[in-house]
Every structure is written in C-alpha cells, then in structure tokens.
Amino acid sequence: MTNRVPWQADAYLDLARRACFVCELLDGNPDYPHHVAYRDADAVVFASRFPSVLGHFLVAPVEHREHAIGDFTADEYLAIQRVVHRAGSALSVLLTVERLYVLTLGSQQANRHVHWHLAPLPPGVPYDQQQTAVFDPARGYLDIPDDDLANLAHRLGERMTR
C-alpha cells in the first residue's frame, strides 16, 4: 500500500512560482525532476511529482502556452488532445481503471504553462473520494517509490509508441 504525504502548500507555491515547471523540465533543470514517458515535437507526457492516484500523468505542449483554448489553433489543440487520448488509452491498458479523469488546471499565479492531468481512478474508491475530491490537497499526495514511477513512465512511453 502506498502512503500519502501531507501537502506542503507554501513549499509547493514557492516552487511553482519560481519558474515554469514544464519549461524547466524540458530544459533538464534538476530542481524540476519528472519521469518523462513520451515526447514529440509538440507535446510531452510526464509523471506528476505530486500524484493524487497511481498513474497520474501530465500532458503539456513543448512550446510555452498558457491558455487551454486561446493559445492554440483548432488544429494545434486537436494535436495535443490526440496525445492526451493516446496517453489515456495507454494508461487504461497498463492499470485497472474505473474512470480516467482528464482536466486542465493551472493559474496565472502559478503553473502558467498549460497542461492536462490524466488521473486514472482505480476501482473501489468510495464515491466521496472520487471526482474533484481526488485532487483535494487536504488528502496529500501519494508517496510512490521513484523506481516504480520510473518503471510506469517507461511502460507508458513504450505503449504510446506502438
């Protein structure tokens, strides 16, 4: 069983406001480590550092964009959503999933680089812990061993390139 780690909002906000975490990840900044599962010219798929469920991954455009709709042409948006669909489909094969949550979060105050969360809800989660409750900071985040996260990212990348 994986333990939950209490959310430390002040430390998180300091990190999130210091720099664009997606751009820093893409630049290889060691202060922003993530396990990348997949990357092409337009999008990157990587494991959440603060996973709400096992298999919590993010999809972001490689180019810094801040608005989920307004910063994309229809074709660019559809290209990103194809990656979201491919990653979500692969996660649904790799894990037992009751429901795959897909949403974009962020703010002009922190985490400005637009990104989509893929959160595979496992079967048996009580209803009061589903939907937006999955992302409730009061629940903390999962403490998943780094090797397990790296392995899942590797398997996801393999599945996405098939």
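Helices (H or I, at least four residues) and strands (E, at least two) are DSSP runs, numbered from the N terminus. The model is predicted: local features need pLDDT of at least 70, side-chain atom pairs count only at pLDDT 80 or more, and totals for chains, interfaces and linings use all residues. Residues are numbered from 1 along each chain as its sequence is written, and side-chain values use heavy atoms, with hydrogens and water left out.

**View 1. Helix H1 in the lining of the largest pocket.** H1 supplies four residues, the largest share of this lining. Helix H1 (9–18), strand S5 (99–105) and strand S6 (115–121) are the elements that give two or more residues to it.

View 2. The pocket holds about 660 Å³ of space. A pocket, on a 1 Å grid over the protein atoms alone, is an open set of points where a 1.4 Å probe fits, with protein on both sides within 12 Å along at least five of seven lines; lining residues have an atom within 4 Å of a point. Volume is the space filled by probe spheres set on the points. Of 29 lining residues, Trp 7, Tyr 12, Phe 50, Asn 111 and His 117 lie nearest the centre. The lining has 17 nonpolar, 10 polar and two charged residues. Ala, Val, Leu, Ile, Met, Phe, Trp, Tyr, Cys and Pro count as nonpolar, Asp, Glu, Lys and Arg as charged, and the others as polar.

**View 3. The second largest pocket.** Its volume is about 360 Å³. Arg 4, Val 53, Leu 54, Pro 122 and Leu 142 are the closest to its centre among 18 lining residues. By class, 12 are nonpolar, four polar and two charged.

**View 4. The crossing of H3 and H4.** The axes (lines fitted to C-alpha atoms over the stretch in contact) of H3 (residues 74–94) and H4 (residues 146–160) come within 9 Å and cross at roughly 120°. H3 is therefore oblique to H4. The crossing is right-handed.

Conventions: Axes fitted to C-alpha atoms, helices over the stretch in contact; angles between N-to-C directions. Parallel < 35°, antiparallel > 145°, perpendicular 65-115°, else oblique. Left-handed = near helix turned anticlockwise from the far one by under 90°.
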